[in-house]
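I opened the notebook to look up strand pairing, one surface patch and the salt bridges. The entries follow in that order.

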Amino acid sequence: MALLLVPDGLDGERVDLAASRMTGLTRSRIADLIEDGGVQLAGAPVRRASVRVHAGELLEVDTSEPVRLPKVTPVLADGLRIVHEDADLVVVDKPAGVAAHPSLGWDGPDVVSHLAAAGVQVSTSGAAERQGIVQRLDVGTSGLMVVAKSEYAYSVLKQAFRDRTVDKVYLALVQGHPDPFSGTIDAPIGRHPGHDWKFAVISGGRHSVTHYEAVEVLRAASLLEVHLETGRTHQIRVHLSAIGHPCVGDPLYGSDPVLAERLGLTRQWLHAIRLGFVHPGNGEYVIFSSEPSPDLSSALELVRAES
């Protein structure tokens, strides 16, 4: 972690520009660090690259080298479907059990390796193991993801996600009945203090906003349409658990394992059903949609039958 005092010459500059000049890292790398919580100004995490710095403030930047994973091995992932491809981007429908990209501790299939095996050339921007990746879905979450193919598309899409102009819509089957049936969860998320692989609503966490609306209320559960305003790791799962209504099939965040077993679920009932954004190539707004996978549909039908 580099500890730096902002000099007079950078007074009033954007934090990404100031951090770049003071550390020698690219502004793109600084933007990624901001997104991952790796930049602090005057003791507080920086949320936006447009924040202005002032002379004499303490700027903390995580300058450690990102962990480099072995070169991606092209391997096709069963059930992964390409729903759209053009010169700028590719949209995939990711099944559960497939990661967005290779990572330490994960030896299963992933989107990046699948696209390499399918002969899809993606952007070289981003860390070596996740080139082209501008958004991620949990391994256990199915649905739509967009991956950049051109360098320009990577830059534009990455910024669109940062600016929250991408429409990300999910379906979630949750235990019980939220009160009210529609609402907004605005609560900061950070790493769980006692669990390496878990996140939680904590003071000092990253600003996180989730909007939800019940589209079907059943006896034991509710089907929610969820819109993400921010995109934190495990955000939907953490926020719904925080209000007492975890996703069915998600024991990590407090769901009932007996209910999941009865429904034949081996993962959380969560599916990215819709993705909308301005296409970086032609400037037109595009929308892609996906139906819930068979395991989710079967579980939903069983809950309906019991209602």
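In which sense do β1 and strand β4 pair, and over how many bridges? I looked this up in what is a predicted model. The two strands pair in the antiparallel sense over 4 bridges, with β4 spanning residues 58–61.

Surface entry. I found a nonpolar patch formed by Met 1, Leu 3, Leu 5 and Leu 58, with about 430 Å² of accessible area together. Leu 3 has its place in strand β1. Is Leu 3 buried or exposed? Leu 3 counts as exposed because its relative accessibility is 58%, and the cut-off for exposed is over 50%.

Salt bridge entry. The structure holds 11 salt bridges, and I looked at some of them.

I began with Asp 93 and Arg 81, whose closest N and O atoms are 3.2 Å apart. Asp 93 is buried at 11% relative accessible area, whereas Arg 81 is partly exposed at 44%.

I then turned to Asp 138 and Arg 237, which form a salt bridge with the closest N and O atoms 3.1 Å apart. Asp 138 sits in the loop between α3 (111–117) and β7 (142–148) and Arg 237 in helix α5 (residues 235–242), so the pair ties together parts 99 residues apart in sequence. I have both Asp 138 and Arg 237 down as buried.

Which residue forms a salt bridge with Glu 229? The partner is Arg 164, and the closest N and O atoms are 3.7 Å apart. Glu 229 is in the loop between β13 (221–228) and α5, and Arg 164 is in the loop between α4 (151–162) and β8 (167–175), 65 residues apart. Glu 229 is partly exposed at 29% relative accessibility, and Arg 164 is partly exposed with a relative accessible area of 39%.

Last, I noted a network of salt bridges that links Arg 14, Asp 16 and Arg 27.

Methods
Residues numbered from 1 in each chain as written. Predicted model: local features only at pLDDT ≥ 70, side-chain atom pairs only at ≥ 80, totals over all residues. Heavy atoms only, no water. Pairing = 2+ DSSP bridges. Patch = residues over 30% accessible without salt bridge, like charges linked within 9 Å, V, L, I, M, F, W, Y side chains within 5 Å. Areas by Shrake-Rupley, 256 points an atom, 1.4 Å probe, with all protein chains shown as cover. Salt bridge = Lys/Arg side-chain N within 4 Å of Asp/Glu carboxyl O. Buried < 20%, exposed > 50% of the residue type's maximum accessible area, 1.4 Å probe, protein only.
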